[in-house]
Structures are given as structure tokens and as C-alpha cells.
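The text follows the display below.

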Amino acid sequence: MKKIKILNVVGARPNFMKIAPLHRAFVKTGKIDSKIIHTGQHYDEKMSDIFFNQLALPKPDYYLGIGGGSHTHQKANVMLKFEEVVKAEQPDLVLVVGDVNATAACSIVAVKMGIQVAHVEAGLRSGDRKMPEEVNRIITDAISNYLFITEHSGLVNLAKEGVPDEKVFFVGNVMIDSLFHFRQKAAASKVLETLGVRAKDYILMTMHRPHNVDHEKGLRDIIQIVKDAAQHRKVVFAIHPRTTNNLKKFNLYDTLASIEGLNLIGPQGYLEFLKLMDNAALIITDSGGIQEETTYLQVPCMTFRDTTERPITVELGTNFLLQDLNPVTVKIQMEAILNGAAKQGIIPPLWDGHAAERIADILLELV
Ligand code: UD1
């Protein structure tokens, strides 16, 4: 029997942990020829290579080498190069995950070439079209053939946008599949010892949204949040290249780096970061995925955003949103959580480590 050929697209850091379990599940069926296309939006060792190694992902079959640049530049170049790949490979399906530039760019190319598209992590909506990711989500969902969703809000959002029910599948969360698979391995990491912090005795931070880090006021607010946090616990800040670049641009990097009690570290590997999340007293972030990972790990999370596309993490999980993006509010909330006001939370339905297998079964039946 001829195998189904699927091109799996990855572009940026949050894609790698989503594609890893899918590729594994596809290969395991013995009926899918699963190929990996890396657009190269994230390209360096710390933002990309280490994830391939740690997640046991094979080297990409194609590397498009796009790199950084404006969103138009990134998307246009991805589209031109991905078109060549699709022509050469003639796949049965293109699979995209999440909401990064590669997700939208490659789904457009595939649809225009008459190839079916599956979008994994479909239906999430923050309602904020100023976020580049929101626009990527809307475009991708509007043109995909198969929409795999992680939480109930996805069903509601897609129905509102007129997507027929038969295209939508509630399968759970492939990012949690990776976490489930690698949590034990991550526990062996020595990152806490290396950083000189003790389990449940530090605050972990990440910040990288353009809305928070592309302007001076946002960076100054972040510095104030770190100062306040460092009054209570050691702070580990795994800083994203976008944030580092902007701090340097506004001459604020040294102000941040000199805060006493702060351990400023660069982007971490998947296993090291998982260990850091699992053992944090509290996480302060503006990430999309960390909201879900902390909900699964039942670690308190404060999200420095006023909306979330992942409402289940607030409804059932351990996530708090900051309605008013202000360091004073963060301080009050942080102190309350550290003094016992954290939610225990419950793990959302179908976040059980088997989402990728469900997706493989559905695609084998329908493609
Ligand atoms: C992208 C995604 C975002 C995701 C984030 C996670 C979009 C629209 N945004 O945002 O959804 O949450 O990744 O990391 O796709 N850089 C490096 N090394 C790298 C990669 C990037 O130094 O390996 C630098 C770039 O040159 C650029 C900055 O980091 O200056 C930002 O990279 P970019 O890909 O534009 O967007 P992210 O902010 O990472």
C-alpha cells in the first residue's frame, strides 16, 4: 500500500516540541511518509538545534534558511522556497502547528497548490489582532481542511467563524505530549545546581512579546517587575534574543543585569527549561505555550498580557492574567501568590500525552 506523504512545517522555537510527537506518531503507524521542513525563522543553536537533539527529531529533510527580518520578508521568502519543496515532493498533506509566521505562510502555499492542510492547535483566539500570532491563526484556520483543537474554546471560536463541524477535531494538546514524554528525562537535568537555586524557591521569568519588549516603557516595566520579584525570591530570567536586542538598543541591558538576586540566562534547552518550570515557585511570562505547560505542571503562572487565546489555563489551570499591564499590579498579585493564593488547578480534558496518536489515526482515516 502506498504511504501517505505529510510535510510537517517547523519555523520557530515553539514548533519543535509540537512536531516531535507528531512525527513520532506518524512514523509509528508505518503508513505515513513523514518529512520535516524547517523554514529557519529560528536558526541558532540555542533557539533551534538543541531542540532537535533533545526532542530526538531527525535532521529536517529541507532547511529553507529564512532567518529574521520583517514579517513580510520572512513570509514572502518562506512562500517562495516552500513552493519549490511542495513541487518537488507532491505531498498528500501539509501539516502546520501553532501561530508563527511559517504556519500562515506554508498553509497559503499549500492551499494555492491544491494540497490539503492540517492545522494543529487551531481555533485559539486572543481577540487582539495587534498580535502577529492572532492574524496568523485566523488566516491558517480559514483555509485549512483539518482543524485539530486543544481546548473547548477552539470549538466555539471556529463555529463563530462559520467553520463546518466536520472539519474540527478535539484531540488534546501535542505540546503536552512532549512534556509528558520528556518530564522524567528533564528531572535528571542539573540546571538548578548550575544556577545555584533550590526547588520551589525561585521565580522563573520569560518575556518576548513585541507588545511588551519592543519599546522603552515596556522594558522599564519588566525591569521593575524583576526588582520587585528579587525582593522575595531568587529570579531566573531566561531571556529571548528579541528582548536582549531591545534592551541593548535602549541602553537598559546593564540596568537589568545588575539587579541583585537575578540570574540572567539565555534561551534554554527544552529539558533544562522543563526542569526550571517544574520546580519554580512562580512563573512570570508573556508566552503562549508556557501558560499551558504550567497548567499541566500545576505551577502558578502570571501572564503579562491582558488577553489570552488559551482561556482554559485561566478557567481550569493555574494561570492568572494581568488585566492592567502595570508593575504595581504584578507586585500585588505576585505577593498574594507567594503567600498562598495560588490556584491548584486541574489538567484540562485530553491533555494526556496521546494527542499526536489521535491526530495520526484521524489523518489515516480521512486523507
Ligand atoms: C516568534 C513567534 C512567536 C513565538 C516566538 C518564540 C511569529 C510571528 N512569532 O517570535 O509566536 O512565541 O517566536 O520564540 O512567528 N533571533 C535570534 N536567534 C534565533 C532566532 C531569532 O537571535 O535563532 C532574533 C531575530 O534575529 C530577531 C528576534 O530574535 O531579532 C526575534 O525573532 P523573530 O523570529 O522575529 O520573532 P520572535 O519574537 O522570536
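From which domains does the shell around the ligand draw at least three residues each? Domain 1 (4-173 + 351-366) and domain 2 (184-341) each give at least three residues to this shell. The model is predicted.

**Ligand surroundings**

The ligand is surrounded by 21 residues, and the closest are His42, Tyr43, Asp44, Glu133 and Arg242. Sorted by class, the shell holds six nonpolar, nine polar and six charged residues.

| Residue | Ligand atom | Distance |
|---|---|---|
| Glu133 | oxygen | 2.7 Å |
| His240 | oxygen | 2.9 Å |
| Asn245 | oxygen | 3.3 Å |

On its own the ligand has 760 Å² of accessible area, and the protein covers 87% of this area. Four helices, α1 (13-29), α3 (71-89), α5 (132-143) and α11 (241-249), are the elements that give two or more residues to the shell.

**Aromatic pairs**

How many aromatic pairs does a search of the whole structure find? The search finds four. One of them joins Phe16 and Phe51, with 5.9 Å from centre to centre and 35° between the planes, and this pair is tilted. Phe16 belongs to helix α1 and Phe51 to helix α2 (residues 45-54); the two are 35 residues apart, and the pair links distant parts of the chain. Both Phe16 and Phe51 are buried.

Why is the pair of Phe182 and Tyr270 edge-to-face? The ring centres of Phe182 and Tyr270 are 6.0 Å apart and the planes stand at 80°, so the pair falls in the edge-to-face class, for which the planes must be over 60 degrees apart. Because Phe182 is in helix α7 (residues 174-187) and Tyr270 in helix α13 (residues 270-278), this pair ties together parts 88 residues apart in sequence.

Are Phe182 and Tyr270 buried or exposed? Buried means under 20% relative accessible area. Phe182 has 5% relative accessibility and therefore counts as buried. Tyr270 has 4% relative accessibility, so Tyr270 also counts as buried.

Ring pairs also form a cluster, which links Phe16, Phe51 and Phe52.

Notes. Residues are numbered from 1 along each chain as its sequence is written. This is a predicted model: local features need pLDDT of at least 70, side-chain atom pairs count only at pLDDT 80 or more; totals for chains, interfaces and linings use all residues. Side-chain values use heavy atoms; hydrogens and water are left out. A residue is near a molecule or strand if one of its heavy atoms lies within 4 Å of it. A polar contact is a pair of N or O atoms within 3.5 Å; within protein, one must be able to donate a hydrogen and the other to accept it, and residues adjacent in sequence count only if both atoms are side-chain atoms. Accessible areas come from the Shrake-Rupley method with a 1.4 Å probe; for residues, only the protein chains shown count as cover. Ala, Val, Leu, Ile, Met, Phe, Trp, Tyr, Cys and Pro count as nonpolar, Asp, Glu, Lys and Arg as charged, and the others, Gly among them, as polar. Domain bounds come from an automatic or database domain assignment. Rings of Phe, Tyr and Trp (its six-membered ring) pair if their centres lie within 6.5 Å; planes under 30 degrees apart count as stacked, over 60 as edge-to-face and the rest as tilted. Buried means under 20% relative accessible area, exposed over 50%, partly exposed in between (1.4 Å probe, protein chains only).
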